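Here is a friendly briefing on aromatic rings and the partners they keep. Have the model open as you read.

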Amino acid sequence: MILFSLCSLLASLFVLVTGGKLPEPEVKIEVIHKPFMCQRKSKNGDMLLVHYEGFLESNGTMFHSSRKHGDKNPVWLTLGIREVLKGWDKGLQNMCTGERRKLTVPPSLAYGKEGKGKIPPGSTLIFDIELMEIRNGPRSHDSFRDMDLNDDWKLSRLEVKEYLKKEFEKHGYSPNDTHHEVMVDDIFKNEDEDKDGFISAREFTYQHDEL
């Protein structure tokens with residue numbers, strides 16, 4: 001009990017001294033295989049085709065394998081838009097086609113205190129991931145981040161309107177608020193798939209050319 005209190009006190013002192021939060025745990029990355037030639041490395045916004053196996057660190061139990069379960073095909077994901085676990089978004093950066101990595105993902109970057117399905121609460125997970133292919137994402141992750149003014153991973157009507165105004169000005173056109181409102185209405189009609197009043201990172205990535 002004394003040890004626990006001491007740890008809590010030290011953590012509180014760290015936050016007080018640094019003026020911020022405790023550092024977020026990192027993903028442990030081990031490269032199992034790397035091809036001799038690497039013409040392109042993965043980055044945020046890229047679409048990645050991967051095969052993977054997931055294990056519980058606590059007892060080594062496999063909870064999923066793309067090669068053995070489901071349709072046994074590799075899966076597509078878009079890197080850096082929180083479509084997958086935070087640990088994957090961090091651990092699959094700068095990866096070559098044909099590269100294979102082992103990721104050890106702490107609970108805070110996986111399923112946290114809640115767990116999910118076969119994964120108990122507070123589990124550290126191990127993934128064996130092979131990158132089969134890299135493709136350009138339909139939309140740039142950087143463009144989304146530029147538009148996302150409050151960094152909440154979704155676009156409001158105001159943020160889209162501000163983006164349009166800047167684009168018009170950049171190309172020499174005078175801003176026209178009425179015209180922008182019409183464009184914003186059309187964009188949200190086509191791209192706000194779940195009709196919640198925002199365009200999420202996923203909706204932005206998988207839609208096409210309205211923006």
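Over which ring does the charged end of K154 sit? It sits over the ring of F198, 4.3 Å from the ring centre. This is a predicted model, where local features need pLDDT of at least 70, side-chain atom pairs count only at pLDDT 80 or more, and totals for chains, interfaces and linings use all residues. Residues are numbered from 1 along each chain as its sequence is written, and side-chain values use heavy atoms, with hydrogens and water left out.

**Charges over rings**
- A charge counts as sitting over a ring if NZ of Lys or CZ of Arg is within 6 Å of the ring centre and within 35 degrees of the ring normal.
- R157 also has its charged end over a ring, that of F188, 5.4 Å from the centre.

**Ring pairs**
- Rings of Phe, Tyr and Trp (its six-membered ring) pair if their centres lie within 6.5 Å; planes under 30 degrees apart are stacked, over 60 edge-to-face, and the rest tilted.
- The count by this rule is 3 aromatic pairs.
- One of them joins Y52 and W88 edge-to-face, with 5.0 Å centre to centre and 80° between the planes.
- Y52 belongs to strand β2 (residues 47–56) and W88 to helix α2 (residues 86–91), 36 residues apart; helices (H or I, at least four residues) and strands (E, at least two) are DSSP runs, numbered from the N terminus.
- F63 and F127 have ring centres 5.8 Å apart and planes at 90°, so this pair is edge-to-face.

**Cluster and burial**
- Ring pairs link Y52, F63, W88 and F127 into a cluster.
- F63 and F127 are both buried.

Technical notes: Buried means under 20% relative accessible area, exposed over 50%, partly exposed in between (1.4 Å probe, protein chains only).
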